[in-house]
Amino acid sequence: MTKKEFQQRMAQGPLILDGATGSNLLKAGMPRGVCSELWISQHPEPLLELQRAYIEAGSHVVYAPTFLANPLSLESHQLAHETKRLNHTLVRISREAADGRAWVAGDISTTGKLMEPAGEMPYDTLFEAYKEQISYLAEAGVDLLVAETMMAADETMVILDAAAQVCDLPVLCSLTTESDGSLFFGGTIYDAVEALEAVGADAVGCNCSVGPDQLEAVITGIKERVSIPVIAKPNAGMPTITENGEALYHMGPKEFGCHMKSLAKAGATILGGCCGTDPAYIRELSKIFAAS
């Protein structure tokens with residue numbers, strides 16, 4: 001998919017994303033603390049089943065589970081040398097699940113390290129790491145790229161710079177934000193999305209952190225600052241944490257769908273679910289747009 005083709009698709013109506021991956025794979029048997037990219041490559045069936053269910057529920061896009069498959073993040077598991085193989089393998093699994101019925105997005109995320117001068121991560125190091133991952137994603141045949149759960153505008157801009165060096169794929173940029181629009185590494189999402197549009201993002205918005213009931217003002221504020229499509233991919237509400245560290249989400253699919261309808265009215269045209277959601281949540285989201 002080219003950037004122009006993405007624009008043409010968005011002119012036709014809302015785009016429905018998938019829901020959570022990690023929390024559902026944990027339920028399916030993935031151990032906590034493992035490298036999820038490696039585990040999925042060795043146990044593809046749970047992901048195949050999950051992504052097929054998302055597509056049946058109405059997802060137009062599923063995310064290949066390449067979230068931390070960049071060489072810097074994989075190095076924490078001593079797997080940087082597996083960057084190419086993992087990206088190719090994980091995209092292949094998602095393409096098999098999609099089987100031409102949905103687009104496959106190459107999923108990219110933060111390294112979790114502050115860039116210079118605020119932190120110790122040099123631009124060039126980050127650029128080369130993202131460029132490497134994006135080149136493998138493009139080779140593997142993803143339809144678009146998604147930079148998600150980003151914590152700061154500057155690191156997201158590096159992803160846009162790297163993508164521009166490699167391909168003409170659309171890049172959707174989604175930051176994680178507090179309910180007041182503040183970002184975890186400083187600044188606000190409103191300034192960030194404006195800057196990201198200026199350097200080539202094809203869509204901008206937010207995912208994770210909070211539930212849809214806390215994001216209406218944020219989505220409204222984003223819509224006022226940009227002319228490109230706005231993304232909303234929130235959690236199933238705010239979780240409670242059990243004694244063994246498990247996050248429990250209490251917002252059900254119907255309530256989630258009701259709040260997502262409000263976010264659509266506020267200006268979001270690319271919608272999905274993050275932590276705590278599953279195909280039932282996407283099914284409710286699909287019903288909203290089928291009835292409108």
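In which helix does serine 73 lie? The views below come from a predicted model.

**View 1. Serine 73 and its surroundings.** Serine 73 sits in helix 5, which spans residues 71-74. Its relative accessibility is 11%, so serine 73 counts as buried, the limit being under 20%. Beyond its neighbours within four places in sequence, serine 73 is in contact with Leu68, Thr110 and Thr111.

**View 2. Strand 3 and its partners.** Strand 3 covers residues 103-109. Six of its seven residues are buried, so strand 3 is largely enclosed by the rest of the structure. Strand 2 (residues 61-64) runs parallel to strand 3, and four bridges join them. Here tyrosine 63 has alanine 105 of strand 3 as its bridge partner. Strand 3 also pairs with strand 4 (residues 144-150), again in the parallel sense, over five bridges. In this pairing, glycine 106 has leucine 145 of strand 4 as its bridge partner.

**View 3. A β-α-β unit.** Strand 3, helix 7 and strand 4 make up this unit. Helix 7 spans residues 123-140. The unit is right-handed.

**View 4. Strands 5 and 6.** Strand 5 comprises residues 171-175, and strand 6 comprises residues 203-207. The two run parallel and are joined by four bridges. Serine 174 has glycine 205, in strand 6, as its bridge partner.

Notes
Residues are numbered from 1 along each chain as its sequence is written. This is a predicted model: local features need pLDDT of at least 70, side-chain atom pairs count only at pLDDT 80 or more; totals for chains, interfaces and linings use all residues. Side-chain values use heavy atoms; hydrogens and water are left out. Buried means under 20% relative accessible area, exposed over 50%, partly exposed in between (1.4 Å probe, protein chains only). Contact means heavy atoms within 4.5 Å. Two strands pair if DSSP finds at least two bridges between them. A crossover is right-handed if, with the strands pointing away from the viewer, the path from the first strand over the helix to the second runs clockwise.
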